[in-house]
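Work through the exercises below with the sequence and the model at hand. Each task is followed by a solution in steps.

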Amino acid sequence: MRIDIMTLFPEMCEAVLSESIIGRARQNGFVDIRCVNIRDFTKDKHNRVDDAPYGGGTGMLMQTQPVYDCWEHICAELGKKPKLIYMSPQGQVLTQQKVKELSKEENLILLCGHYEGIDERVIEEIVDEEISIGDYVLTGGELPALVLADSISRMLPGVLANDEAFEQESHYSSLLEYPQYTRPPEWHGKSVPEVLLSGHHKNIEAWRREQSLKRTFERRKDLLDNAELSKSDRKLLDSLGKETKKY
Ligand code: 4FV
């Protein structure tokens with residue numbers, strides 16, 4: 001998969017995408033992420049890319065030409081027009097389901113706004129989808145684009161240590177993760193749950209499922225609505241007082 005991030009701050013994005021799991025995945029060719037500087041495409045003699053909003057109002061707006069020409073450049077290089085996603089608070093809030101869906105694309109372009117945003121006319125012309133990472137306002141679309149690039153990249157074969165992590169993850173899809181422990185076995189008088197030291201995989205599996213269901217019930221009941229629940233899952237949730245009949 002290739003992801004092109006259109007941004008005014010490519011260094012900022014590179015700094016994050018060159019570290020750890022994603023950094024290694026790029027080096028090993030499991031994912032190809034490019035950060036393209038929109039300012040490189042401005043025809044403004046003062047190298048400007050933004051201007052004051054018509055109708056007044058605070059802040060500046062990114063202009064059509066640099067954004068459009070940057071997009072055209074990437075499409076010309078690829079010989080096609082990949083799906084372009086504009087990161088904005090007006091978009092649908094990102095979910096793991098959407099991440100899974102987008103991870104099947106061969107190419108994606110992520111457009112980062114900055115300042116007050118981007119002139120609506122170029123959004124109408126080149127944007128296929130708007131995605132938000134949450135109902136709060138940031139100074140730029142870079143962090144949202146990095147969130148999306150990270151969440152998609154870790155779904156790609158070879159990026160995570162063992163792809164098995166996925167199956168596991170999908171089995172737990174839409175449930176909150178179970179608590180985890182590592183050495184030392186005792187810390188501040190706190191021990192590790194016995195079952196995890198038992199080596200009895202079936203019991204460990206059952207305990208982890210129970211913990212995920214309990215946690216999801218306590219913290220995010222809304223997630224249970226689209227969770228795949230087995231009969232024993234329902235029995236446990238019923239015992240927790242969550243009538244599951246309607247599921
Ligand atoms: C945002 C979000 C976000 C709005 C104006 C960038 C900022 C500024 N993007 N999820 N929340 N964007 O706050 O995606 O240009």
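**Exercise 1: the pocket**

The second largest pocket is lined by 25 residues, and nearest its centre lie Tyr 86, Met 87, Ser 88, Pro 89 and Gln 90. The model is predicted: local features need pLDDT of at least 70 and side-chain atom pairs pLDDT 80 or more, while totals for chains, interfaces and linings use all residues. Residues are numbered from 1 along each chain as its sequence is written, and side-chain values use heavy atoms, without hydrogens and water.

Task: state which elements give two or more residues to the lining of the second largest pocket, and give its classes and volume.

Solution. A pocket here is an open set of points on a 1 Å grid over the protein atoms alone, where a 1.4 Å probe fits, with protein on both sides within 12 Å along at least five of seven lines; lining residues have an atom within 4 Å of a point.
- Step 1. β5, α5 (120–126) and β7 each give two or more residues to the lining.
- Step 2. The largest share, five residues, comes from β5.
- Step 3. By class, the lining has twelve nonpolar, ten polar and three charged residues.
- Step 4. The volume of the second largest pocket is about 440 Å³.

**Exercise 2: the ligand**

Task: find which pocket the ligand takes up, and describe the shell around the ligand.

Solution. 
- Step 1. Around the ligand are 17 residues (a heavy atom within 4 Å), the closest being Tyr 115, Ile 133, Gly 134, Tyr 136 and Leu 138.
- Step 2. The shell has nine nonpolar, eight polar and no charged residues.
- Step 3. β5 gives the shell its largest share, three residues.

**Exercise 3: backbone geometry**

Task: is the peptide bond from Arg 183 to Pro 184 cis or trans, and where is Pro 184 found?

Solution. 
- Step 1. Omega is near 5°, and the bond is cis.
- Step 2. Pro 184 is in the loop between α7 (164–171) and β8 (186–187) (helices are DSSP runs of H or I with at least four residues, strands runs of E with at least two).

Note on methods:
A molecule sits in a cavity or pocket if more than half of its atoms lie within 2 Å of its grid points. Ala, Val, Leu, Ile, Met, Phe, Trp, Tyr, Cys and Pro count as nonpolar, Asp, Glu, Lys and Arg as charged, and the others, Gly among them, as polar. Grid points are joined across faces, edges and corners, and a volume is the space filled by probe spheres set on the points.
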